[in-house]
Structure formats: C-alpha cells, structure tokens
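Please read the following explanation alongside the sequence and the structure.

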Amino acid sequence: MNIETKSINRSHGGVQGVYSHASAVTGTGMTFSVFVPDHEPGARLPVLWYLSGLTCTHANVTEKGEFRAACAEHGVIFVAPDTSPRGDDVPDDEGYDFGKGAGFYVDATQEPWAWHFRMRSYIERELPDVIAANFPADMDRQGITGHSMGGHGALTISLRNPGRFRSTSAFSPIVSPLNCPWGEKALAGYLGEDRSAWRPYDACALIDDGARLPDLLVDQGTADDFLEGQLKTHLLREAVERAGMAATIRMQEGYDHSYYFISTFMAEHVGWHAERLKA
C-alpha cells in the first residue's frame, strides 16, 4: 500500500496530489491523482472516481477537468487513475485505440496482453485499497464517473458491483462496445473472439442481463464527432427504457467530445454525486 508522492499543489481550499505505486495487479508502476478538500481532523470524506478516455492519463482531467472548486465546496475526494499500464516492457499497438492508453477497463485474457492489462481488477480491487490506506476516504460513500472509454468503464464497473457505488454518471460514454468499432477491436484483442465473454464489459448488455443502478446521469454533446459511429447514446436510452431503470440522459446542444464539454458540466456532476453521497 506504499505510495510515492510525485507532486503536491494547493488549490481551491484543498490539496491536489499526483502519486505512484508498484501495482501487483498490472505488474507495473501506476500513477494516479487525488484531490483532497480541507476537512476537520479525523473526518472521512466521500470519494468520486473519474475514469479517463482513450489516449488519456490521469493528467487530462487533473489539468483540464475543473472539478476542484466543486469538490472543495461539497467535501468530496476526487480520484483519477491512469487508463492502462505503462512501461518499456508493456506491449503496445500502433493504433491509438488499443494498447497503452486504451486499457478499456478489462482484464485481458489473450496474449501478449493478459499479463499487464488487468485494469478491471486494478480499478475494482487494488487501487481502492491503496486509496483507503493512504487518504481520508469513506469507502462506504463512493461515486463513479468517466468520459468516453472511461464512461464505459464507470457504467460497467458500477453495474457489475451492485451497492458499491451510491452514484454513477458519465460524459459521452461508449455505451455498447459490442456494437461499435472501438469496442469490437478492443474486446476481440483483449478477450478473444467469443462475444459472450464481452458482455460483462457492455453497459447495455449488462442492463439487458438484469444489472441495475438506482440512478444514472449521462451528458452527451450533439456535436460530438463520435456520437453516431462509436458512442451510440440511443442504445443506452433504449436499454434503460426496456429495463424501467431510472436514468437522466441529456443531449447537450452544440458540445463536442473535448474537455471544453466535460469542464462545462463537471461541477454539476460533482454536485449531483455529492447529494447522493451524503452520510
């Protein structure tokens, strides 16, 4: 559970840190960022996880997400992991949508990926233990959100772990990797050609198979270049309607896939989570 502090900065009435540790799950060093608002000694604060998208690291949201003021206001710890294992010995692919930066939050079963690409276990098991051991985190009050590939991760991790997260939201999520080129490439490469093994990593399939969330918030820009071919928000809307599951899915006029979009609605998402993470 030992961590190394890479940087510390005072910001918005709290501390923004970047940390690294040796991961037993991925067999590599892993880097993550944590914002901790000021708090009374001995207090334990709720945790909001943010999972990033393709090509990103912890740094994208940390530097551009504009979450700190809202987290300080509501007293919420914000945790941003990396998107894949890193290192010279970690296999990679020449495409931006597979390999390093594109872990898809799965536990790979195919070579050469299976040894290191275990982001599902890293996010679901190992990193939460690291956070609990090193920060004033109330692990009984967790929420999760993410963007694009990270929105896919947030939805599927929450759906697979009923009761762990009190709140779930997403920005521009890949809602059905079974039905888009990004997902088909990643899941076939990491998991093999048996599509039944892909279903635990598809939010729409999980909902159709009986998984439920108590509530869900999704924001999607109408000017997002990936909306029709990759994200397919309508499939999630149809799945929650079939299931009778409570969900707010908002199409935000004129917004694209960038952090200009994410940062516009980030404070609202933090507040939405904070309301559900109250003691």
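In strand β9, T248 is the bridge partner of L217. This pair belongs to a parallel arrangement in which five bridges join β8 to β9, the latter covering residues 248-252. The model is a predicted one. Strand β7 (residues 165-171) also runs parallel to β8, and three bridges join the two. Here F171 stands opposite D219 of β8.

Strand β8 itself spans residues 217-221 and is mostly covered, five of its five residues being buried. In a regular strand, side chains alternate between the two faces of the sheet. In β8, L217, D219 and G221 point one way, while V218 and Q220 point the other way. Residues of both sets are buried, that is, they have under 20% relative accessible area.

These strands are part of an open sheet of nine, with mixed pairing and the order β1-β2-β3-β5-β4-β6-β7-β8-β9. Because β1 (4-10) and β9 stand at the edges with a single partner strand each, one side of each is left without a neighbour in the sheet. On average, neighbouring strands of this sheet are turned by 20 degrees against each other, direction ignored. Helix α8, residues 233-243, packs on the sheet and touches β8 and β9. The direction of α8 makes about 155 degrees with that of β9.

S7 stands opposite V18 in β2. Strand β2 also holds Q16. Is Q16 buried or exposed? The relative accessible area of Q16 is 7%, so Q16 is buried, given that the term applies under 20%. Leaving aside neighbours within four places in sequence, Q16 is in contact with S7, I8, N9, S33, V34, F35, T62, F67 and R68. As for I262, this residue is 246 residues apart from Q16 along the chain, and the C-alpha atoms of the two are separated by 19 Å.

What remains is the empty space. Rolling a probe the size of a water molecule over the atoms shows where such space is left. The largest pocket holds about 170 Å³ of space. Which residues lie nearest the centre of the largest pocket? They are L54, T55, H147, F226 and H257, from a lining of 13 residues. By residue class, the lining of the largest pocket divides into six nonpolar, six polar and one charged.

Key:
Residues numbered from 1 in each chain as written. Predicted model: local features only at pLDDT ≥ 70, side-chain atom pairs only at ≥ 80, totals over all residues. Heavy atoms only, no water. Buried < 20%, exposed > 50% of the residue type's maximum accessible area, 1.4 Å probe, protein only. Helix = DSSP H or I, 4+ residues; strand = E, 2+ residues; numbered from the N terminus. Pairing = 2+ DSSP bridges. 1 Å grid on protein atoms, 1.4 Å probe; cavity = no way out; pocket = protein on both sides within 12 Å on 5 of 7 lines; lining within 4 Å. Points joined across faces, edges and corners; volume = space filled by probe spheres on them. Nonpolar A, V, L, I, M, F, W, Y, C, P; charged D, E, K, R; others polar. Axes fitted to C-alpha atoms, helices over the stretch in contact; angles between N-to-C directions. Contact = heavy atoms within 4.5 Å.
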